[in-house]
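Thanks for coming. Please have a look at it first.

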Amino acid sequence: MHLAYDAEDLAFAEDVRAFVRENLSPLTRDQVLRGKLPGRQERAVWQRALVEKGWGAPAWPVEYGGPGWTVVQRHLFDEVLTEEGAPASPVFGMGMLAPVLMKFGTQEQKDYFLPRILKVEDWWCQGFSEPGAGSDLASLKTRAVRDGDEWVINGQKIWTTLAHVADWMFCLVRTSDEPKKQLGLSLLLVPMDTPGITVRPIITIDDEHEVNEVFLENVRIPAGNIVGEAGKGWDYAKYLLSHERTGIARIGQSRREIRRLKAMAAAEPTPGGFLIDDAGFRRKVAEIEIRLTALELTTLRMLAAIKGGAGPGTEANLLKIKGSEIQQDIAELMMDAAGRYALAYDAHAWADGTHDDPIGPADAAPLAGVYFNNRKVSIYGGSNEIQRNILAKAALGL
């Protein structure tokens, strides 16, 4: 089992790094590095630059527009882009729905949706969670009833990221009542401009509009908008979520944020010099770096297994748990490093084009918002408690 990058891999990573530095807008990069989500236009511009280079869909098979990279190259590509502050690809369409369509969709669905996803002509959101069905997703109550050549949908979704800017939603719904609740679910593709859909914003504690409630009242969509077979939606959802959980590890992002943390600490004066010189602080940073190294080695083990023909297995669950915890711990340590200045969060003080001076060091301005927003990372994609249950069942038969 090969658990290190060879010279060819490292050269590839440097080629990617050079492309990013030459083609990524400094304004977009600055937004990402400050923890601010770039707008749809900025992300579309960057995605189209990648498409022109032939790198728009690194994980896709060649027949659908992928570059034909190895799993290690795909991993390195994602990590370099994250380290350099490039915006993530539109994950709901590119990284979650597209693999499901490739495996389970009709040829008509593939021909229509995949090119549009690749070129960001359509923006997608994920209609899974409901007020009474979050971690226990199989308990969802949104229902779709077949009426001739249409499905009629009624129900509510919540925490729907980017629903307010999305063109389409892939929506998990109940289409039959089975003794085992997972067997009555189906996956539907819903245009967001369909009559009967209402999107209400949820403004989070960092004063950002990222998530929403979505209400569906007698929403009619064509019968052909179902993915695969009716009643098989749970299988498709599990396949989709395995891709999401692997991506939540975000090793490159954590490595980038550790560098930023060290730079902050090197500029923070203390009675004995600077915070970076404090033994207790250095120990905390070192502990996170050790855990991050272990996470990367676990990722490499998983990639080696995939390269040998195996699936991601329970490593995806482990990556989700440990990756999310590391992100949260880094955000908390940044708050500690900034001290009292981390409390003075003002979303408008560091918005683009502002002329307001930040309170304290400029790096401190977004920290509280990022810290609170990161609390969700251990919840979405399946809460860490649920992931531990999955691991216990798989490894110990509990």
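Start with helix α8, residues 251-267, and helix α10, residues 315-338, which pack at an angle of about 10° with their axes 10 Å apart. Helices here are DSSP runs of H or I with at least four residues, strands are runs of E with at least two, and both are numbered from the N terminus. An axis is a line fitted to C-alpha atoms, for helices over the stretch in contact, and the angle between N-to-C directions runs from 0 to 180 degrees. That angle makes α8 roughly parallel to α10. The term covers angles under 35 degrees; over 145 is roughly antiparallel, 65 to 115 roughly perpendicular, and the rest oblique.

The crossing of α8 past α10 is left-handed. Left-handed means that the near helix is turned anticlockwise from the far one by less than a right angle, and right-handed means clockwise. On the α8 side, the contact is made by Gln253, Ser254, Glu257, Ile258, Arg260, Leu261 and Met264. On the α10 side, it is made by Ile326, Gln327, Ile330, Leu333, Met334, Ala337 and Ala338. Contact means heavy atoms within 4.5 Å. By class, these residues are nine nonpolar, three polar and two charged. Ala, Val, Leu, Ile, Met, Phe, Trp, Tyr, Cys and Pro count as nonpolar, Asp, Glu, Lys and Arg as charged, and the others, Gly among them, as polar.

A word on where this comes from. This is a predicted model, in which local features need pLDDT of at least 70 and side-chain atom pairs count only at pLDDT 80 or more, while totals for chains, interfaces and linings use all residues. Residues are numbered from 1 along each chain as its sequence is written, and side-chain values use heavy atoms, with hydrogens and water left out.

From α4, the contact uses His75, Glu79, Thr82 and Glu83; from α8, it uses Ile251, Gly252, Gln253, Arg255, Arg256 and Arg259. The classes are one nonpolar, four polar and five charged residues.

His75 lies in α4. Is His75 buried or exposed? His75 counts as buried, because its relative accessibility is 9%. Buried means under 20% relative accessible area, exposed over 50%, and partly exposed in between, with a 1.4 Å probe and protein chains only. Beyond its neighbours within four places in sequence, His75 is in contact with Tyr5, Ile251, Glu296, Thr299 and Leu303.

Next, Phe281, in helix α9, residues 279-307. Phe281 is buried, with a relative accessible area of 6%. Leaving aside neighbours within four places in sequence, its contacts are Leu261, Ala265, Leu275, Ile276, Leu333 and Ala337. Phe281 and Ala337 are 56 residues apart along the chain, and their C-alpha atoms are separated by 8.6 Å.

On to the cores. A nonpolar core is a set of buried Ala, Val, Leu, Ile, Met, Phe, Trp, Tyr and Cys residues joined through side-chain atoms within 4.5 Å. The largest has 30 residues, of which Trp60, Trp124, Phe128, Phe170, Leu172, Leu187 and Leu189 touch the most other members. At least two residues each come from α5 (91-104), α6 (107-118), β4 (168-174), β5 (185-191) and α7 (233-247). α5 gives the most, with eight residues. Apart from this core lies another, of 28 residues, among them Ile258, Phe281, Ile288 and Ala337.

Trp159 has a positive phi of about 60° although it is not a glycine. Trp159 sits in the loop between β3 (150-158) and β4, and is exposed, with a relative accessible area of 52%. Asn218, also not a glycine, has a positive phi of about 50°. Asn218 is in strand β7, residues 209-222, and is partly exposed at 48% relative accessible area.
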